[in-house]
Structure formats: structure tokens, C-alpha cells
Amino acid sequence: RGILKAAAKNTDSIDQYVKTASDLLLDARRTSNSPHGRYLMAYEGLFSLAMAVLEQHGTRPGDGEGHRISALQRFAADLGFTPGQGKTLTDAHNLRNARTYRSPIPPITGAQAHGVVSLLETALPKVKAMVAHGPKGRS
């Protein structure tokens, strides 16, 4: 269930995941966008960073149920998220899954959007440092 699998480390792919997260952060910061849009862009940016971290470690999500949450949990552990940050990430994931698979997403408040955007703002520089100076260096 949702286990991680071995994968080849590809620095071009890692760089693209980080660039995607950076682009999504720029869009998520725009207060002219709806809270709903900002929230989902920030969540997808966090997932993109999770993919960069996994690839940095030579892994990827498995193909089974729970693959996204497995990736996000590993990401949160690698970045040393606080329990509050982990809850924000898990809540964003659960809300995204509820919307995608079961029902329309409920209204998102500005505060909810701000929480996920702030988490992406915190995570992005940590991931940039990790992939630039990882335990095995750049390939």
C-alpha cells in the first residue's frame, strides 16, 4: 500500500520539480487569485517538492493506493516539519483527495490558503538547499 520504489536520480527532473514548485508559489501568492486556486496551487507545489526530494534519494511513489500520502509523509520527515506543519500538509492532501475522488471541494478560506502557501514558502528554500547539497551531491 503506497510504498516507495527505487528510481534513478535525474538532476534535470529534480530541477524541473523545483521550478514547477517555484512557479506555483508565484501564482499561489497572488491574492487576486481565489483562495481555492491559491490553496490547490500551493498543495501541488508542495507535492512537486516532495517528488524532487524523493528523486534526490533515488525513490519514487509506488503505484498502489496511498502513493501520494507516502510521498508527502517522507517529504515532511526529510524536511523536519513540525507537527503543525505536518497537519497542514495532511489536511491539504485529504481535502484534495476528497475533492478529486468523492465530492466538490468545500469553500476555502483565505486563512486556509495562507497556511498552505506559507508551508510552500518554508519548504522551497529547504528543498533547494537539499538538492544542491544533498548527501551524495549532484549527479
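**Helix α3 and its crossing with α2**

Helix α3 consists of 13 residues and spans 19 Å from its first C-alpha to its last, close to the 18 Å expected at 1.5 Å a residue. The model described here is predicted. Residues 67-79 form α3, and G80, which follows this helix, has a positive phi near 70°.

Several residues of α3 are buried, namely R68, I69, S70, A71, L72, F75, A76 and L79. An α-helix has 3.6 residues a turn, so residues three or four places apart point the same way.

The partner to consider next is helix α2, residues 35-56. The axes of α2 and α3 come within 9 Å and cross at roughly 75°. Angles of 65 to 115 degrees count as roughly perpendicular, and α2 and α3 are therefore roughly perpendicular to each other. On the α2 side, the contact is made by Y43, E44, L46, F47, L49, A50, V53 and L54; on the α3 side, R68, A71, L72, R74, F75, D78 and L79 take part. By class, this contact between α2 and α3 comprises eleven nonpolar and four charged residues, with no polar ones. Among the α3 residues in the contact are R68, A71, L72, F75 and L79, which also belong to the buried residues of that helix.

Of the chain's 139 residues, 45% count as buried. Among contacts between residues at least 6 apart in sequence, 79% join residues at least 24 apart. The chain exposes about 7,100 Å², of which carbon and sulfur atoms supply 55%.

Terms used. Residues numbered from 1 in each chain as written. Predicted model: local features only at pLDDT ≥ 70, side-chain atom pairs only at ≥ 80, totals over all residues. Heavy atoms only, no water. Axes fitted to C-alpha atoms, helices over the stretch in contact; angles between N-to-C directions. Helix = DSSP H or I, 4+ residues; strand = E, 2+ residues; numbered from the N terminus. Parallel < 35°, antiparallel > 145°, perpendicular 65-115°, else oblique. Contact = heavy atoms within 4.5 Å. Nonpolar A, V, L, I, M, F, W, Y, C, P; charged D, E, K, R; others polar. Expected span 1.5 Å × (residues − 1). Buried < 20%, exposed > 50% of the residue type's maximum accessible area, 1.4 Å probe, protein only. Areas by Shrake-Rupley, 256 points an atom, 1.4 Å probe, with all protein chains shown as cover.
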